[in-house]
Amino acid sequence: MAEARAKREAQERADRLRVFRKELAELDRQQILVLSDEQRAKLEPYLDETLAGLAESYDIDISESQKQLSLGMRIVSALGGLALCAAVFLFFYRFWGLLPAAAQVAILIATPLIGLAAMEFTSRRERTLYFTALIGIVVFASFVMNLYVLGQIFNLIRTPNAFFAWGALALILAYTYGLRLPLAAGLICLLVFFSATVFSWTGAWWESFFERPELVLLGGSLIIAGGVAIPHRKNAEFPGVYRLIGLLAVYASLLALWHAGRNSFLPMTAQTIERFYQVVAFAAAGASVWLGIRKNLSGTVNLGAATFTIFLYIKFVDWWWEWMPKYAFFFIVGAIAIGLLIAFRRLRERVA
Amino acid sequence: MRRNGLLFAAAVILIANAFVLVGVARNRSGHPQQTIQLTERELPMNYRGNEDTGISLRLQWGQRSFSRGGYPLLDQAKLESLGFDCKAALRDTKRQPLDRPAFLVLELNGSTWQSWLKSAEETKTVPDSVKMAQSKIFVVDAAKTPEPLLAKYTDRKMYLVTRGVVRLFVNTWDAKVQNPRLESSISELLPGTIHVPLPLSNLMANRSANTPAVDFHYTVTLAYGSRFEPWVVKVE
């Protein structure tokens, strides 16, 4: 964890040095700041040695092309993890009918445990944690398969409790190794567990929990609050994942209530509820943009702006699609998009 | 720190599995609460892909398609006893009542099946092939808890108490109906699929490729434990 923080700081420093070198070259080209040969002879080896030292100590990216490759490696790691998950599932289903129940259970329990050992093994041998992240996805998927298939083998009645176990494992993996994908998976599992469990307290069948989207709305809000309340000094990217999952849950449930007010807990007519949540949806998206700008959270601003625009377009469809000629509808939508662009540009200038 | 995380992760995996396996052991300990023999009509084999070697059966129950209003035995009083607010559902027909879990009584080869068969023969709308494959189990009663059902339906060869999910609709679209009408249905039985373990599954897995599915007859004895979770004890 301390290593993750040190690595992040090293990467930030390397980025600063790279920008400094570029800017210095530009100032030199424009004859604004020209270093003497003696100064240059001191500076250049210093920059090279510092960058090389950082790269050696923390395995960070010291050039733009390295950064792009790293992004590619992260994508390959995630895709590879998903492909391996599919392989594990299909491999098990190919042979499980040939195994007695005891062997099935042993394999199901052993697979995620072996995966954990493999994660620890690889994490000790690489600083970038690409392979560790890939195996982490497989461990999580193996555990999902573990409980799901146990349920099938022993004909168990489905409960939301499995989501709690899956969420707990995913969060432990995320915080132990500083991995974002397991964190997102864990938060989604806990959101389902929370919403479905509270929903079942009403006496209804838990799998219909999205029939009352307000519980997802509450769960999403709790996740956003968790991202703010839990200190993340060592995993600086984690609050962003909390905000992303929380906001997506909030927006999805608001959109559902917007169109189906009859699914609300509120004791009002469906039409009143729908209007209420339409106002709340726009207010929530606007508040995300405003808070994102104030707190300098680019992801929140982008998500809020995109959602605000989508909400606006949905509203236009509700209002005009039926009676307006289609060309006029799309013309107005295009014109409003231009208006929004101008508004966002002005906002950007003001923020700058 | 990392070592602790690893231990916690392993503990979550082991505790979750222990929780499941203890539940299974508790369900199956002692004498089975109920045992019933069903055939391929009630437990047809689930479709399995080329790369799936597991065998599972689907618990299929008869739909009372000849009677209006879904399940007449699940009347308003019964539905209210299951927790449905029928008055609110009729008052605000746009607000769909939520599915509710319940304990259900399945009747095997009883009067409900006979009346279904009689109706089918009278109306002549059901092909013979459908009649031959029709499940002989029908839902005849429901309750929030199993005890009253187990006390009322004591013939264990004919009745099976199991879990399921009850759905309630308010019919407002039927032009023949002046007022909104309650209609109930069973959305699923829990569990809906039953895994056949080795060595019992060998009999089914070895089914000759020359035997068409319609000519493949078998009898499965199911046992239900204290948690109303079944397991296969015999395949013939």
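Helices (H or I, at least four residues) and strands (E, at least two) are DSSP runs, numbered from the N terminus. On this basis, the secondary structure of chain B comprises 7 helices and 9 strands. The structure is a predicted model: local features need pLDDT of at least 70, side-chain atom pairs count only at pLDDT 80 or more, and totals for chains, interfaces and linings use all residues. Residues are numbered from 1 along each chain as its sequence is written, while chains are lettered from A and ligands numbered from 1 in the order in which they are written.

A residue is buried if 20 or more other C-beta atoms lie within 10 Å of its own, exposed if 12 or fewer, and partly exposed in between. Chain B has 236 residues, and 30% of them are buried. Two residues are in contact if their C-beta atoms, placed from the backbone, lie within 7 Å. Among contacts in chain B with a separation of 6 or more, 75% join residues 24 or more positions apart.

Chain B is divided into domain 1 (1-30) and domain 2 (32-235). These bounds come from an automatic or database domain assignment. Across the boundary, 4 residues of domain 1 are in contact with 5 residues of domain 2. The side of domain 1 that touches domain 2 has no nonpolar, 2 polar and 2 charged residues. Here Ala, Val, Leu, Ile, Met, Phe, Trp, Tyr, Cys and Pro count as nonpolar, Asp, Glu, Lys and Arg as charged, and the others, Gly among them, as polar.

Backbone geometry was examined next. Most residues other than glycine have a negative phi, and most peptide bonds are trans. In chain B, the peptide bond from B:Leu190 to B:Pro191 is cis, with omega near -10°. B:Pro191 lies in the loop between strand 6 (181-190) and strand 7 (193-196). The bond from B:Leu198 to B:Pro199 is also cis, with omega near 0°. B:Pro199 sits in the loop between strand 7 and helix 7 (200-205).

Positive phi values occur in chain A. A:Gln31, not a glycine, has a positive phi of about 60°. Its loop runs between helix 1 (2-29) and helix 2 (37-58) of chain A. A:Gln31 counts as exposed because it has 7 C-beta neighbours inside 10 Å. A:Asn155, also a residue other than glycine, has a positive phi near 50°. A:Asn155 is placed in the loop between helix 5 (130-153) and helix 6 (161-177) of chain A. With 24 other C-beta atoms within 10 Å, A:Asn155 is buried.
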